[in-house]
Amino acid sequence: MIKIATLEDLPGLLKVLKNFFDASPFDSLTEFDYAIAAETAKKIIEGPKESGVILLYLKENTVKGVIAGLCHQMFFSRDRVATELCWWVDEDARSKESLDLIEAYEFWAEKVGCTITTMANLTGETGERLDKYYKRRGYTPLETAYGKKV
């Protein structure tokens, strides 16, 4: 089941966010901070839905996946863009049903007036599969991001 996150979902949300972080390359630059993650999630949950959303995938009433995004005006055009902040489904819950997260994210983006959605593809073992999946969904590679601790 897919649902919009509420404050009551924070414990499960934080668990899947930590799982996402642990599987990502971000741990080479920073440490996961539960308080900051909770504060950021709370701002998105309580904020206007036209600005951001956190969607959850529940399996047997347990949070097993998340997709979060922010909507903003492009710097150089009139287009509004939905930018994905994270997309994660715990490995034991990955299924065709869990892919409904991206469908729901794109639906939200369109409903709040976005004309473009962007998705990230973190480096690692799933990168090539995810690249093919995004392209099948109509996404075009736009850029590669690099990180550096300063």
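**Figure 1. Lys132 and Glu128 in helix H4 of the predicted model.** Lys132 and Glu128 are four residues apart in helix H4, so about one helical turn separates them. Their side chains form a salt bridge, in which the closest N and O atoms are 3.7 Å apart. The two partners fall into separate accessibility classes because Lys132 has a relative accessible area of 47% and counts as partly exposed, whereas Glu128, at 58%, is exposed; the class "exposed" begins over 50%.

Figure 2. Asp131 is partly exposed, with a relative accessible area of 28%. Lys135 is also partly exposed, at 45% relative accessibility.

**Figure 3. Arg137 and Glu106, a salt bridge between distant parts of the chain.** Side chains of opposite charge can pair when their charged atoms come close. In this view the side chains of Arg137 and Glu106 meet at 2.5 Å, N to O. Arg137 lies in the segment after helix H4 (127-136), while Glu106 is in helix H3 (residues 100-111); the two are 31 residues apart. Arg137 is partly exposed, with a relative accessible area of 26%. The salt bridges in the whole structure number eight.

**Figure 4. Strands E2 and E3, an antiparallel pair.** Strand E2 (residues 52-59) and strand E3 (residues 62-73) run antiparallel and are joined by eight bridges. Gly52 has Leu70 in E3 as its bridge partner. The hairpin of E2 and E3 has two residues between the strands, and Glu60 in this hairpin takes a positive phi near 55°.

**Figure 5. Strands E3 and E4, joined by a hairpin.** E3 pairs with strand E4 (residues 80-89) in the antiparallel sense, over nine bridges. Leu70, the bridge partner of Gly52, stands opposite Thr83 in E4.

**Figure 6. Phe32 and Tyr34, an edge-to-face aromatic pair.** Eight aromatic pairs are found in a search of the whole structure. One of them is formed by Phe32 and Tyr34, with 4.8 Å centre to centre and 80° between the planes. This pair is classed as edge-to-face because the angle is over 60 degrees. A pair of aromatic rings is described by the distance of the centres and the angle of the planes. Tyr34 is partly exposed, at 45% relative accessibility.

**Figure 7. An aromatic cluster that includes Trp87.** The cluster is formed by the rings of Trp87, Tyr133, Tyr134 and Tyr139.

**Figure 8. Arg94 and the ring of Trp88.** The charged end of Arg94 sits over the ring of Trp88. The distance from this charged end to the ring centre is 4.7 Å.

Key
Residues numbered from 1 in each chain as written. Predicted model: local features only at pLDDT ≥ 70, side-chain atom pairs only at ≥ 80, totals over all residues. Heavy atoms only, no water. Salt bridge = Lys/Arg side-chain N within 4 Å of Asp/Glu carboxyl O. Buried < 20%, exposed > 50% of the residue type's maximum accessible area, 1.4 Å probe, protein only. Pairing = 2+ DSSP bridges. Phe/Tyr/Trp six-rings, centres within 6.5 Å; stacked < 30°, edge-to-face > 60°. Lys NZ or Arg CZ within 6 Å of the ring centre and 35° of its normal.
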